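I opened my notebook to record what I looked up in this structure. The entries follow in the order I made them.

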Amino acid sequence: MSRILYTKTHEYLREEGSAWFLGITDHAQEALGDITFVELPEAGAEFSAGDELATVESVKAVAGVMAPVSLRIIEVNSSLEDAPEVINSDAQGSGWMAKVEVMDPAQLDSLMDQAAYDAMDK
Amino acid sequence: MEHHSVKHTALHTRHVNLGARMGEFAGFMMPLWYSSIKEEHDAVRNGVGLFDLSHMGEFFINGPQAFDLCQYLTCNDVRRIGDGQCQYTLFPTPEGGTVDDLIVYQQNPESYMMVVNASNIDKDFAWVTKHNRFDCTVENQSDDYSLVAVQGPNTDALLEAFGFKNISAMSQFTWKRTKLHNRSVILCGTGYTGERGFEIIVANEDAGWLWDGLMKVGEQFGVKPIGLGARDTLRLEMAYSLYGNELDDNTSALEAGLPFYVRTGPEFIGVDVLRRQEQEGVTRKVCGLVVTEEKRSAAPRHGAPVYSSEGEDIGEVTSGSFSPSLDKGIALASLKKGYWEPGMHVQIEIRGRRMNAEIVNLPFYRKPKKKSKS
């Protein structure tokens with residue numbers, strides 16, 4: 001099983017080969033409700049840990065997506081621009097938002113593993 | 001007595017058991033959605049939905065001059081309704097603002113009910129009491145009554161299956177006190193969705209009976225419980241005003257784009273300002289906007305600035321959302337004079353970016369015409 005790490009603000013990073021896939025957690029999509037719009041960053045853009053790199057809108061709410069660690073965008077999931085509802089149906093799978101390169105792997109230590117995220121008071 | 005704890009409606013446990021996402025609204029813990037705002041929205045447009053609106057306020061006005069008090073407090077003309085009818089109206093202030101919007105129900109000229117917004121119950125009751133120069137009895141029974149709305153094209157079938165007689169013969173904006181299964185019910189042909197529907201008012205102790213019965217009988221009609229999220233998208237598609245957004249203490253009914261509900265024949269509180277606004281025109285008015293970006297875009301939200309095609313600041317969004325029926329962003333916006341014509345192009349600033357939008361005729365949503373039988 002691939003490694004998956006979480007933030008307190010409900011983003012995840014899923015490891016696949018040398019890259020990481022970033023998105024919002026299943027809990028986050030459920031809290032937001034029907035997602036109607038996603039604003040994604042540009043490939044090549046770099047963000048520091050905590051920077052807002054994308055926006056997710058549901059019918060009633062707007063939420064920023066933060067960079068869990070300092071990272072560079074390799075590729076974005078542009079299919080979400082026409083089908084943002086995929087985040088509702090498969091947030092942690094085909095609903096990924098960006099494929100990223102982690103700049104400083106040491107920063108991954110600050111993130112939660114599955115057990116810690118499950119135990120977190122949401 | 002003033003208290004700040006969050007109130008629960010009589011149906012609170014049922015919402016929690018249905019898995020609703022709950023949130024605070026107007027001092028009440030209310031269901032925001034159960035399954036999904038879009039699904040609930042579609043259920044009301046195409047089937048039937050049940051809303052717990054027990055947070056709404058109910059006032060009862062009685063006395064030989066009850067008609068005079070209602071006429072004095074509101075800007076619509078109460079003479080236009082008869083016994084068993086009701087009308088949408090507003091409480092204007094003498095300065096040209098609005099205390100609240102509401103529905104006035106006439107039982108007879110000596111007896112009325114008012115249904116007011118939950119967020120304004122205390123303010124409204126103080127207002128009505130303060131201006132009661134006609135010696136009426138004014139009772140605020142908001143805490144004693146629950147309100148369940150049934151809305152959608154399958155409403156009549158559901159209510160008749162539940163036991164109400166001749167529902168399909170009842171017109172919108174009529175109401176009656178009746179009994180069902182030996183319980184007292186106030187049955188009102190009103191709603192906030194643009195669909196055929198009723199709002200049913202019962203004593204709190206009968207709320208569970210009503211809700212459970214409608215949910216059970218409604219299974220065959222695909223009934224769904226509907227949260228406040230879909231209530232807002234449904235009302236916005238119809239361009240119905242929401243107090244606190246389109247209307248407030250500084251905005252008149254005319255500035256909110258509601259001239260149909262302003263009848264300045266009779267005298268009432270605030271009539272002078274409204275007569276002047278009718279003669280001279282208003283300088284800002286609530287209009288409808290549809291986002292016209294080719295790609296999917298962010299939805300306009302309350303407070304977003306609006307600019308003319310020349311870049312002039314012309315007003316701001318009062319209510320905005322993604323519209324499930326139209327599959328695009330829609331907004332009501334208070335715009336300055338000169339920018340009210342349908343077809344005009346404007347821009348809405350959303351998170352620092354200006355989106356193209358167009359002024360449109362209201363409502364945003366019109367029911368598709370029924371196919372004629374071939």
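**Entry 1: Arg301 of chain B**

I started with Arg301(B), which sits in the loop between β15 (284-291) and β16 (305-308) of chain B. I kept in mind that this is a predicted model.

Is Arg301(B) buried or exposed? I found a relative accessible area of 19%. The cut-off for buried is under 20%. Arg301(B) therefore counts as buried.

Next I asked which side chain makes a polar contact with the side chain of Arg301(B). It is that of Glu57(A), at 2.8 Å. I also looked at the backbone of chain A. The backbone oxygen of Ser58(A) lies 3.0 Å from a polar atom of the Arg301(B) side chain.

Then I listed the contacts of Arg301(B), leaving aside neighbours within four places in sequence. From chain A I noted Glu57(A), Ser58(A), Val59(A), Lys60(A), Ala61(A) and Val62(A). From chain B I noted Val317(B) and Gly320(B).

**Entry 2: the sheet in chain A**

I turned to chain A. Here 3 strands form an open sheet, in the order β4-β6-β7, with antiparallel pairing. Which strands are at the edges? They are β4 (35-39) and β7 (62-66) of chain A, and each pairs on one side only. From one strand to the next, the twist averages 25°.

I looked at one pair in detail. Strand β6 (residues 52-58) of chain A is joined to β7(A) by 5 bridges, and the two run antiparallel. In this pair, Glu52(A) stands opposite Met66(A) of β7(A).

**Entry 3: the barrel in chain B**

Back to chain B. I traced a closed barrel of 6 strands, in the order β15-β18-β17-β16-β19-β20, with antiparallel pairing. The twist averages 40° from one strand to the next.

How many bridges join β17 to β18 in chain B? I counted 8, between residues 313-323 of β17 and residues 328-336 of β18, and these strands run antiparallel. One bridge pairs Glu316(B) with Ser334(B) in β18(B). I also found a helix packed on this sheet: α7 (residues 228-237) of chain B, which touches β17 and β18 of chain B. The direction of α7 makes about 125° with that of β17(B).

**Entry 4: Phe322 of chain B**

I stayed on strand β17 of chain B, where Phe322(B) is placed. Phe322(B) has 5% relative accessibility, so I marked it as buried.

What does Phe322(B) touch, not counting residues up to four places away in sequence? From chain A it touches Thr36(A) and Val59(A). In chain B, its contacts include Lys38(B), Thr233(B), Arg296(B) and Ala299(B). Asp327(B), Lys328(B) and Gly329(B) are also on the list. I then checked one distance. Phe322(B) and Ser297(B) are 25 residues apart in sequence, and their C-alpha atoms are 9.5 Å apart in space.

**Entry 5: chain B as a whole**

Last, I stepped back. Chain B has 8 helices and 20 strands. Its C-alpha atoms fill a box of roughly 65 × 55 × 50 Å along the principal axes.

What radius of gyration does chain B have? I noted 21 Å, which agrees with the value near 21 Å for a compact globule of 374 residues. Of those 374 residues, 56% count as buried. The accessible surface comes to about 16400 Å², and 47% of that belongs to carbon and sulfur atoms.

I ended with contacts between residues of chain B at least 6 apart in sequence: 65% of them join residues at least 24 apart.

How values were computed. Residues are numbered from 1 along each chain as its sequence is written. Chains are lettered from A and ligands numbered from 1 in the order in which they are written. This is a predicted model: local features need pLDDT of at least 70, side-chain atom pairs count only at pLDDT 80 or more; totals for chains, interfaces and linings use all residues. Side-chain values use heavy atoms; hydrogens and water are left out. Two strands pair if DSSP finds at least two bridges between them. Helices (H or I, at least four residues) and strands (E, at least two) are DSSP runs, numbered from the N terminus. Axes are lines fitted to C-alpha atoms, for helices over the stretch in contact, and angles run from 0 to 180 degrees between N-to-C directions. Contact means heavy atoms within 4.5 Å. Buried means under 20% relative accessible area, exposed over 50%, partly exposed in between (1.4 Å probe, protein chains only). A polar contact is a pair of N or O atoms within 3.5 Å; within protein, one must be able to donate a hydrogen and the other to accept it, and residues adjacent in sequence count only if both atoms are side-chain atoms. The radius of gyration is taken over C-alpha atoms; the globule rule is 2.2 Å times the number of residues to the power 0.38. Accessible areas come from the Shrake-Rupley method with a 1.4 Å probe; for residues, only the protein chains shown count as cover.
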